[in-house]
Amino acid sequence: MITTVCRDCDTVAATASAEGAACSACGSARMVRHPELGVLTIAHLDCDAFYASVEQRDDPSLRGKPLIVGGRTRGVVLAASYEARRFGVRSAMPMFKALADCPDAVVVRPDMEKYRQAGAVVRRLMREAAPLVEPLSIDEAFLDLAGTAEPPAVAMARLARRIEAEVGITVSIGLSCNKFLAKIASDLDKPRGFAVIGRQEAGAFLAPRPVGLIWGVGPAMQLRLAQDGIVTIGDLQQRTAQDLTARYGRFGERLARFAFGRDERRVVPEREVKSVSAETTFDVNLDLLDPLKRALWRLCKRVAARLTDRGMAAGTVTLKLKRHDFRILTRSRTVDGRLQSAVDIYAIALRLLEPEVDGTRYRLIGVGVSGISMRQDGGEPDLFAAAEAAAP
Ligand SMILES: [Mg+2]
């Protein structure tokens with residue numbers, strides 16, 4: 001039974017070397033040790049500060065500096081380098097707050113196309129390393145390594161090194177017996193981490209942690225649980241499954257299982273995607289057609305790129321506008337065809353936009369597509385070809 005793997009040279013050992021001991025083969029200190037290492041097959045891989053890392057990769061002058069990827073004043077932080085995180089900057093934080101906390105941060109405008117390309121290479125490397133890969137977003141995925149020729153920990157260590165060498169960014173890995181625990185593990189040792197949570201220790205590991213860690217427990221559920229005296233996962237462990245089910249219905253069953261780290265969800269390659277959207281908040285409110293059109297075109301290109309990446313097409317286009325008074329309006333149109341190209345999505349979105357340009361000042365524009373299906377042909381994006389391919 002394997003209990004130790006060197007992350008730098010893949011040397012495996014059946015007997016655990018002393019905690020902190022270096023690799024006997026290559027001298028590396030980056031050793032993964034766990035008694036269940038030989039039987040854990042579910043991994044979660046998460047790129048470290050993805051957008052910021054790609055920017056630091058491409059511009060050496062940004063390395064080692066607090067870096068924020070986002071808009072200038074409006075909008076939110078999309079990614080923060082680890083140097084910026086030291087000042088408390090977090091993604092999704094309002095930009096003005098991030099700059100107040102970290103005034104020396106370098107702000108870089110997002111280049112989604114570049115991130116998409118880097119993410120696509122990461123995804124390809126993951127698919128070469130594992131038989132089942134379930135992407136969760138541009139920079140993270142679950143991998144099911146059951147059936148790989150080499151031990152899963154070796155496959156993941158090798159994958160992390162390949163991503164460093166071929167993409168030029170670092171990743172963190174969580175290895176466990178299921179998705180719930182693997183995702184928690186990948187967050188334990190960031191950046192460039194490799195953490196393991198075994199089946200045996202799951203209950204004790206989870207007990208002191210907040211219930212919000214459980215998949216599906218959002219702020220509203222946390223509040224309800226807190227009113228019932230349940231704050232930590234350990235509080236849940238004290239309750240019987242019957243009690244939890246009586247109180248919270250089917251969700252209670254899930255709470256009872258997750259409290260002890262039991263999660264039967266499988267790794268499903270290519271999550272079923274129901275919609276794809278992109279939006280942007282302006283630095284200054286816009287009321288003229290031309291700048292709104294330019295913003296819309298950029299968003300349509302992003303949406304189309306994501307559809308193309310996944311080999312998908314859409315039937316409905318939705319335009320979203322947020323007015324200066326924060327009121328949101330949406331306009332949709334469903335067409336008799338399979339949309340994939342930016343040009344086709346834009347043509348429809350523009351027809352939805354034009355009547356709304358009446359002097360109203362807008363602070364945000366977004367475009368989304370839904371009614372998604374897999375493209376049958378996998379060829380060049382083309383509305384009519386796609387419609388034909390989709391015909392019975
Ligand atoms: Mg990430």
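# Close-up views of a predicted model

**Figure 1. The whole chain.** The accessible surface of the protein chain comes to about 18,900 Å². Carbon and sulfur atoms hold 52% of that surface. This is a predicted model. The protein chain carries 14 helices and 16 strands. Its radius of gyration is 24 Å, close to the 21 Å that the globule rule gives for 392 residues, so the chain is as compact as a globular protein of that length. The C-alpha trace spans about 70 × 55 × 55 Å along its principal axes. Of the 392 residues, 45% are buried. Among contacts with a separation of 6 or more, 63% join residues 24 or more positions apart.

Figure 2. Three residues are shown as the protein donors: D46 (OD), C47 (O) and D139 (OD). They lie 2.2 to 2.5 Å from the magnesium ion. Along the chain the donors follow the spacing D-C-x91-D. D46 and D139 link distant parts of the chain, 93 residues apart. D46 belongs to strand 4 (residues 42-47). D139 sits in the loop between strand 8 (132-137) and strand 9 (140-144). D46 counts as buried because its relative accessibility is 13%, under the 20% limit. D139 also counts as buried, at 14% relative accessibility.

**Figure 3. The hairpin of strands 8 and 9.** Strand 8 and strand 9 form a hairpin, with two residues between them. The strands run antiparallel and are joined by five bridges. Within the pair, E134 stands opposite F142 in strand 9.

**Figure 4. The largest nonpolar core.** This core has 66 residues. Those with the most contacts inside it are L45, L143, M156, I163, F194 and L255. Helix 5 (residues 152-166) gives the largest share, eight residues.

**Figure 5. The surroundings of F194.** F194 is one of the residues with the most contacts inside the largest nonpolar core. Which residues does F194 touch, not counting those up to four places away in sequence? They are R7, V32, A153, M156, A157, I173, L175 and D189. M156, in this list, is also named among the residues with the most contacts inside the core.

**Figure 6. Strand 13 and its partner.** Strand 13 (residues 312-323) is mostly covered. Nine of its 12 residues are buried. Eight bridges join strand 13 to strand 15 (residues 362-370). The two strands run antiparallel. K322 stands opposite L364 in strand 15.

**Figure 7. A22 in its loop.** A22 lies in the loop between strand 2 (12-13) and strand 3 (31-33). Is A22 buried, partly exposed or exposed? A22 is partly exposed, because its relative accessible area of 44% falls between the 20% and 50% limits. Leaving aside neighbours within four places in sequence, A22 is in contact with G27, S28 and M31. C6 is 16 residues from A22 in sequence. In space, C-alpha to C-alpha, A22 and C6 are 8.7 Å apart.

Key:
Residues are numbered from 1 along each chain as its sequence is written. This is a predicted model: local features need pLDDT of at least 70, side-chain atom pairs count only at pLDDT 80 or more; totals for chains, interfaces and linings use all residues. Side-chain values use heavy atoms; hydrogens and water are left out. Donors are N, O and S atoms within 2.8 Å of the metal (3.2 Å for Na, K and Ca); water is not among the atoms, so sites may look incomplete. Helices (H or I, at least four residues) and strands (E, at least two) are DSSP runs, numbered from the N terminus. Buried means under 20% relative accessible area, exposed over 50%, partly exposed in between (1.4 Å probe, protein chains only). A nonpolar core is a set of buried Ala, Val, Leu, Ile, Met, Phe, Trp, Tyr and Cys residues joined through side-chain atoms within 4.5 Å. Contact means heavy atoms within 4.5 Å. The radius of gyration is taken over C-alpha atoms; the globule rule is 2.2 Å times the number of residues to the power 0.38. Accessible areas come from the Shrake-Rupley method with a 1.4 Å probe; for residues, only the protein chains shown count as cover. Two strands pair if DSSP finds at least two bridges between them.
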